[in-house]
There are 2 protein chains.
Amino acid sequence: MPSPLRRILFGSPIPTAREAQERLSKVQGLAVFSSDALSSVAYGTEEILRALVLAGAAALALALPVALSITGVLVLVAISYFQTVHAYPSGGGSYIVAHANLGATPGLLAAAALLIDYMLTVAVSITSGVEAITSAAPQLSVIRIEMCVAAIILIAWANMRGVRESGIIFSVPTYAFVVMAFALIGTGMYHLFSGKPVPAGPIVTPEGALQPLTMFLVLRAFASGSAALTGIEAISNGIPAFRKPESRNAGRTLIAMALLLAVMFLGITFLANRFHIAPDAHETVISQIGRIAFGSGFLYYAMQAATALILLLAGNTAFADFPRLGSILANDQYLPRQLSNRGDRLVFTNGILTLGLLASLLVIIFGGSTHALIPLYAIGAFVSFTLSQAGMVRHWIVERSRGWQWKLVLNAIGAAATAVVSVVVIVTKFVHGAWIALLLIPLAMFLFQITKRHYDTASKLLSLEGETPAPWNNPATHIRHKVVVPVSGVHRGTLAALRFARSMSADVTAVMADIDPAGTERARAAWAKWCNDVPLVVLPSPFRSTVMPLIEYMEEVDQRPADHMLTVVVIPEFVPAKSWQKYLHNQTARLLKDAILYKEGRKHDRIIISVPFHLSR
Amino acid sequence: MPSPLRRILFGSPIPTAREAQERLSKVQGLAVFSSDALSSVAYGTEEILRALVLAGAAALALALPVALSITGVLVLVAISYFQTVHAYPSGGGSYIVAHANLGATPGLLAAAALLIDYMLTVAVSITSGVEAITSAAPQLSVIRIEMCVAAIILIAWANMRGVRESGIIFSVPTYAFVVMAFALIGTGMYHLFSGKPVPAGPIVTPEGALQPLTMFLVLRAFASGSAALTGIEAISNGIPAFRKPESRNAGRTLIAMALLLAVMFLGITFLANRFHIAPDAHETVISQIGRIAFGSGFLYYAMQAATALILLLAGNTAFADFPRLGSILANDQYLPRQLSNRGDRLVFTNGILTLGLLASLLVIIFGGSTHALIPLYAIGAFVSFTLSQAGMVRHWIVERSRGWQWKLVLNAIGAAATAVVSVVVIVTKFVHGAWIALLLIPLAMFLFQITKRHYDTASKLLSLEGETPAPWNNPATHIRHKVVVPVSGVHRGTLAALRFARSMSADVTAVMADIDPAGTERARAAWAKWCNDVPLVVLPSPFRSTVMPLIEYMEEVDQRPADHMLTVVVIPEFVPAKSWQKYLHNQTARLLKDAILYKEGRKHDRIIISVPFHLSR
């Protein structure tokens with residue numbers, strides 16, 4: 001049973017039988033699956049402005065056309081995923097679709113891209129959420145990294161307990177954010193059209209020389225802003241969580257999400273433009289809009305709070321997705337098997353820990369800055385979008401269901417569009433950090449490959465081909481194990497080990513390394529008195545090693561004519577009452593076992609027996 | 001045999017037989033044992049000045065009387081130790097003398113004080129040595145902590161290889177420092193008496209308000225300066241290293257060391273006074289004196305180099321003393337036994353590592369500043385001086401050899417003087433950091449006590465009293481072990497384990513936790529085909545744990561009427577070809593062993609057998 005501390009921290013174990021899932025309505029489903037996508041309007045516009053401002057204040061006017069192009073891509077991607085939702089009713093993540101239709105390597109490419117994307121979703125959402133807080137309370141910005149890491153730990157801990165994706169917990173922040181965003185856009189529009197004063201054009205002091213407004217810079221703004229599209233695939237992963245008919249409900253929710261996202265993104269970008277807002281190192285763009293539209297009163301703080309909350313929630317979504325994909329990959333033997341173990345709270349504990357650790361590292365390395373992380377982001381998302389939709393194209397070619405030609409064309413357009421965006425993102429943001437993501441993707445794929453290769457080898461070695469089934473030789477007739485008992489002296493633990501050794505074989509030899517001549521003499525004398533029916537071999541040990549002489553002795557034993565079945569090493573092992581006490585003993589037993597298993601064991605099969613001696617009354 | 005890397009880093013193993021020691025002449029002995037004591041003149045004067053300057057520039061004039069009082073204590077301590085050298089020719093460290101004459105607790109108090117003092121010797125000497133370098137090259141001071149830690153790593157590494165306390169290595173820096181110190185004093189005197197100009201009185205800008213020149217402040221200056229006496233006990237620890245007659249040679253070396261120390265300490269303090277030197281955050285006092293006496297030429301840099309070298313060497317001395325005392329305490333069972341193991345280079349590797357780690361921590365915590373560390377220092381030294389000399393008083397009372405009354409009086413005076421200094425040091429530096437040392441001493445003593453208690457319990461439990469000597473029951477007649485084999489499925493590894501289990505008993509049961517019903521069904525089917533002469537028990541596992549159901553099953557087995565001798569658990573264990581690959585497997589075998597040994601094993605004796613299955617071709 002788990003310890004009391006464990007139970008307080010993580011709750012009581014949950015039996016497997018309680019897995020049956022609460023189904024979600026469309027309204028709940030929207031809340032659960034869209035926090036990642038919707039929350040990205042909190043930084044999407046800002047990233048466009050931050051790229052454009054490099055060419056001076058006048059260039060900021062281009063934000064709206066850039067946002068419109070991104071919305072165009074959004075429409076294509078949404079249509080494409082709408083079809084996936086109907087074609088893969090049991091869940092059509094990019095890995096599954098790409099793996100099934102394009103083959104193993106594209107599947108793994110999609111998986112690597114997605115895992116890295118989830119990692120960045122956590123890092124970007126959390127830093128952005130903390131920036132929503134520090135925009136409202138600038139004095140907190142000195143501890144922003146600490147706040148980010150604390151948030152990650154909190155979310156990881158909540159997920160270890162098992163956050164049920166229950167409607168209510170998710171509905172409040174998601175809909176609160178949607179309401180506040182629409183309130184912001186509405187109030188902002190009223191402000192504009194009622195002719196209230198608006199700040200003058202921003203005074204932009206670019207660091208370094210002003211850059212010319214090239215096509216490349218506009219593309220870079222587009223690439224940065226396209227981070228707003230990340231998370232749009234979430235619904236297609238979670239179709240089975242919807243009420244019946246699942247695909248239809250999921251599809252409609254997807255359309256609703258895309259519409260909300262488009263309106264919010266365009267609305268905020270429009271206001272940023274008309275309010276002459278320039279990016280600022282200490283305050284987010286959305287916070288600046290809020291201060292103009294709402295003033296600095298209750299509504300402003302409510303909006304910042306809703307923004308922070310939905311961003312934290314978006315980070316939480318990745319904590320459900322990353323471990324789930326990790327466990328699928330682990331089941332396919334591309335990742336260590338531990339990632340597919342569910343803990344006693346029915347969650348993939350190891351996946352949660354891994355993600356929390358990696359995301360915290362990212363946040364620390366990039367100084368808790370969303371803007372510094374953005375160049376790494378979106379690449380994973382767009383690469384996996386592209387592969388997923390290319391997979392759908394192939395799916396239609398193979399399946400040829402009714403109207404397949406139209407569907408193929410729609411998916412092909414989606415694939416082409418996202419492929420183009422991928423290339424734009426990679427090229428325009430390469431030197432700013434995209435190269436890191438591009439390095440991590442093949443690294444992850446390499447890990448998948450060597451893991452797979454190891455498991456393949458292991459399963460070949462473990463196969464029963466050529467083995468003889470039971471009944472095997474009956475033991476009682478001939479026990480011929482050669483038993484070796486390493487001892488350090490004569491005490492009760494030695495006797496227990498020797499007695500056990502004698503109980504399983506008549507061929508028992510005790511060996512002792514001669515480290516200290518006086519001690520050896522004392523042991524010999526005691527031996528004669530207590531253990532005289534087992535021979536004691538004293539091994540010279542010029543370098544005072546306990547382990548080496550024994551290993552050499554075993555080599556020798558193995559070279560003698562084999563009149564025994566197996567060499568068995570019986571090791572007397574102290575088990576102290578408290579676990580800290582084990583540091584008070586030479587860990588010879590452990591060293592011996594490792595040496596026998598890992599150094600010499602490859603040549604010979606040796607059985608290792610621990611005879612525990614309990615150091616407690 | 002050690003790996004090639006190990007051999008390059010640490011050298012080839014040294015056989016025990018090569019232990020016979022090179023004996024030292026007086027000249028060499030002085031070099032080997034006095035670096036700690038002599039080097040402390042590099043910071044002793046400075047610490048006096050730093051305390052006095054708090055009362056303004058005028059108070060600095062008191063440095064000379066304070067230094068004279070410290071020299072008085074030095075004479076008393078030297079006389080006292082001269083007697084110890086003759087009374088304990090085989091080495092009379094404070095622990096040994098206090099333990100033998102005053103009993104276990106005072107002995108342990110001395111040992112704790114000494115261990116902490118050695119730790120501080122390393123920290124203070126290294127930071128001070130690095131300050132000698134940064135005084136000459138101020139641009140290096142930004143990396144002073146890194147330099148300190150690098151120096152500690154270097155010295156620890158050299159000691160792991162086994163630095164023989166050979167005369168030459170030590171003679172060069174020690175005598176170079178003595179020569180340079182005398183050159184400094186000589187040149188400085190000439191400078192003064194030839195009437196060359198000397199800087200005007202220093203402009204002291206005390207931080208915060210000027211303190212009044214109280215008796216307390218003078219005592220604090222005395223306490224700070226008494227750090228110059230640390231290391232004076234070194235010769236009494238190392239008497240057997242001297243040529244015959246050991247005690248006489250060691251005694252004379254001790255006198256020579258005390259004289260050198262007194263002259264150098266007083267000379268430097270005198271010059272500091274006459275040159276109107278005030279302590280400076282960026283340059284040591286001795287460096288300031290050097291710049292005036294030598295100018296900024298070759299001689300100045302030679303002196304700084306010699307100072308840095310002897311200070312590093314002083315740190316090195318503690319690397320010999322700490323592990324040696326640690327091993328004595330480990331042999332007396334007050335510290336973990338590992339500290340008494342000599343590595344394959346004949347040195348106490350674990351003690352060296354422990355000291356290196358603790359000293360690095362101290363340096364980092366105290367920002368690489370000698371001045372910040374000084375309040376912790378000297379307490380350990382004076383407490384152990386006091387105990388050692390009090391032990392000598394008792395020694396004379398018991399021994400009553402010729403002239404014992406005089407000797408007793410001398411030691412009593414020494415003990416009283418150092419006791420007074422101890423109290424002064426504790427009282428005047430308590431709030432500045434002495435409390436840390438005062439906290440560490442009882443903490444160390446507590447560790448000694450619980451360690452000792454554990455070993456006492458263990459040796460009582462291990463004693464052979466009441467045991468029956470061999471011959472024990474002959475095994476072949478009745479093998480009645482109950483053997484349990486936990487399995488996760490049917491594969492080659494399972495078969496190997498089952499075969500071995502059958503070879504040692506007819507009573508074998510395989511058990512399997514039912515984690516995933518489909519997997520369990522597959523295993524049952526394979527079982528029927530391959531392993532049908534061993535019963536398979538499937539244990540329900542509602543919380544998906546592999547370990548818990550097995551532990552509960554074992555409980556049950558133990559409660560059945562005991563028709564078997566022992567419960568034996570045979571665990572199939574994967575041994576991958578490369579050690580990183582072990583992370584690709586659930587470490588169920590290890591978890592099982594720990595659970596059986598540490599959780600349940602306290603109630604029942606269970607034998608654990610690992611049947612390795614090698615995952616390599």
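Helices (H or I, at least four residues) and strands (E, at least two) are DSSP runs, numbered from the N terminus. This is a predicted model, where local features need pLDDT of at least 70 and side-chain atom pairs count only at pLDDT 80 or more, while totals for chains, interfaces and linings use all residues. Residues are numbered from 1 along each chain as its sequence is written, and chains are lettered from A in the order in which they are written.

**Stop one: A:Gln389.** Select helix H16 (residues 379-399) of chain A, which holds A:Gln389. A:Gln389 is buried, with 30 other C-beta atoms within 10 Å (buried takes 20 or more, with C-beta atoms placed from the backbone). Show its contacts (C-beta atoms within 7 Å). Leaving aside residues up to four places away in sequence, A:Gln389 touches A:Ser80, A:Asn411, A:Gly414, A:Ala415 and A:Thr418.

**Stop two: the interface.** Now select both chains. Chain A and chain B each give 70 residues to the contact. On chain B, elements giving two or more residues include helix H17 (404-462), helix H21 (588-600) and strand S5 (606-615).

**Stop three: the paired strands.** Zoom in on strand S5 (residues 606-615) of chain A. Three bridges join this strand to S5(B), running antiparallel (pairing takes at least two DSSP bridges). Here A:Ser610 stands opposite B:Ile608.

**Stop four: the axis.** Superpose chain B on chain A: the rotation is 179°, the shift along the axis 0.1 Å and the RMSD 0.2 Å (least squares on C-alpha atoms of residues with pLDDT of at least 70 in both). That is the relation of a two-fold axis. In chain B, the C-alpha of B:Ile609 is nearest the axis, 2.1 Å away.

Note on methods: Contact = placed C-beta atoms within 7 Å. Buried ≥ 20, exposed ≤ 12 C-beta atoms within 10 Å, placed from the backbone.
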